[in-house]
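Visitor: I'd like to learn how to read a protein model feature by feature. Could you walk me through one?

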Amino acid sequence: MASSYHQHMSTELQLAARNGNVESLRSMIRENPKILLSTTVQGQTALHIAARLGHRAFVEEIFKQDESLLRLRNADDDTPLHVAARSGHAELTDFLVNYALTWLEVEDDNESPLRAVNARGDTALHEAVIGRNEQIAVRLLNADPSMGHVMNKRKETPLHIASREGLEKVVEKIVAHPWVAEQQEAEPAVLGTGSPLHQAVLGGHIKIMEMLLDKRTDFLKAVDESGNNALHYAAQKDSKMMVEMLLKKDNSQLAYLCNNKGYFPLHEAAFYGSSSAVKEILKYCPDTAEQVDFTGKNAIHIAVQSGKVGTLQCLLRHIEPKEIINKADEDGNTPLHLAAMQGRIQSTLILSKDNRIDPCLLNKEGQTARSVYERLEEMSIYGMIVWKKLKKKEAEKCKNKQLPPVATSQSFQKKMAASDQYFELSVNTYTLVAALIATVTFAANFTMPGGFDQQYGMAILQNRPAFKVFVISNTIAMCSSLVVVFCFIWAWRDPVKFKLNQLQWGHRLTVLACLAMLVTLMTAVHLVLTHKSWWLSLVVILIGCSTPVVVGLILGREVWFIPLK
């Protein structure tokens, strides 16, 4: 309700409203009764300012002068009730609600502050749930229960927002109130944010989902503007419990409805890498494995395309028919073709190891996964390993079939040019590390722990078990490093072949030499310490044993792989 009075609010009134100074307010009203209609640049009245700061006594004094001021709006069309609800002042909001209830006595009075909407289409109840002010929201619902289903300009009702924010008391209050037929039909329609059930899934609120599914089963039919139903959202969130709850409620439709991209919930789970969701969907609806999108891709294609390795493994474990695993899309590409085409190294290796995979299949261009892989513009050392495995798989299973010619390893020389500098650095690093290990371990053979018997030249501690461990581990470290040094001398004769065959072994031998050096250190310290220093020996052994554990925690399985691009 706009006012025709446009006096700019004085500094004195602004200060009084901010400080809640009632005496100052009374004095100014006596001088000018219309001063309460004056506003700031943003259209804020003194009542708006006091409501934002929670000065109840100040607000009460204003209402003694004119209760209708509760309808005044600022530049954002906010009433004082909007401001109080947004600011979280429960006591003041309750006071304003009591005044606002007088307008509800007039039937269908949309001018009531309880029903008033601001420039964003939000009611005071919207503001309360947006700010997670649950106590205020419940009070507003007690005053007017029908407001829980009013949509703002974002097509969100307070029920949508409360479901997303996890306000259980608010949701319980709203769904307990009966709604009219028009609202029941409107809410499950295609909305930008979907239904409140979508929002509950998005927020991960299980209890709210239970309440909504119990009271509003029509929400199961609702989709958002992208065509996603609630199960699509649950698949994205990778929640086993939410997916199971939805499928138990309705597994006859939810899992079999696609969105605007042609993705079914199983596809959505594959795209987002939601392995738990994949398991549950296939458990309740195993035939969803056969679903394809608009381009003919099934969930395995999509897991490969999105690079979700863990989900790909999950799909292969839970899908049995090889027809699905070798399914071709509209371009004739199987998941293995797609993995090869995109240079997905891990995905390609996982698929190629599966005995159900048929490496002989040709796409519409007449290419196998191996020949597609050979077309990649760049190739890394890992890429060469993948190519070698694809070639081996093809040779084993496709002996009697006519396939595209196999490239030679030398033909990849230019494709691997980008990694040549890094390869050179790696070779130099391995050679240097191996040479240092060989030097140190060689010297250790002539500086035995405990020393030598000067008369016979024998090691003094040679009869102790720890000494034997020292000698063996030191020898392993030295010989392993010597093998690395010698083999890396031949690295430049055929770099491509060396990368493919020898570099991996060189890396593993270097790791073995480092581990052997650790054992040498621990046994040497243990041998030279007396029984009185057993605790020091134990500390050294514990530190030594923890070293490979720490490296393993940091690098994981990568510790066994070559750190090349």
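This is a predicted model: local features need pLDDT of at least 70, side-chain atom pairs count only at pLDDT 80 or more; totals for chains, interfaces and linings use all residues.

Visitor: How much of residues 76–98 is helix, and how far apart are the end C-alpha atoms?

Guide: Residues 76–98 are 74% helix and 0% strand, with 24 Å between the end C-alpha atoms. For residues 331–351 the figures are 67% helix, 0% strand and 19 Å.

Visitor: And how many helices and strands does the protein chain have?

Guide: It has 29 helices and 0 strands.

Visitor: Next, the interior. How do I read a nonpolar core?

Guide: The general idea is that in soluble globular proteins, nonpolar side chains tend to be buried together. Here, 48% of the 565 residues count as buried. The largest nonpolar core has 111 residues, and those touching the most other members are Ile62, Leu96, Leu140, Leu197, Leu212, Leu246 and Leu315.

Visitor: Which residues does Leu140 touch, leaving out those up to four places away in sequence?

Guide: Leu81, Ala85, Val97, Leu114, Ala124, Leu125 and Ala128. There is also a second, separate core of 9 residues, which includes Ala444, Met448, Leu461 and Leu527.

Visitor: Can we zoom in on one helix? Which residues of α17 are buried?

Guide: Helix α17 covers residues 275–284, and its buried residues are Ser275, Ala277, Val278, Glu280, Ile281 and Leu282. They pack against α14 (230–237), α15 (240–249), α16 (265–272) and α19 (309–318).

Visitor: How do I tell how far along the sequence contacts reach?

Guide: Look at sequence separation. Of the contacts between residues at least 6 apart, 73% join residues at least 24 apart.

Visitor: How do residues 466–489 look in the model?

Guide: That span is 96% helix and 0% strand, and its end C-alpha atoms lie 35 Å apart. Residues 509–529 come out at 95% helix and 0% strand, with 31 Å between the end C-alpha atoms.

Notes: Residues are numbered from 1 along each chain as its sequence is written. Side-chain values use heavy atoms; hydrogens and water are left out. Helices (H or I, at least four residues) and strands (E, at least two) are DSSP runs, numbered from the N terminus. Buried means under 20% relative accessible area, exposed over 50%, partly exposed in between (1.4 Å probe, protein chains only). Contact means heavy atoms within 4.5 Å. A nonpolar core is a set of buried Ala, Val, Leu, Ile, Met, Phe, Trp, Tyr and Cys residues joined through side-chain atoms within 4.5 Å.
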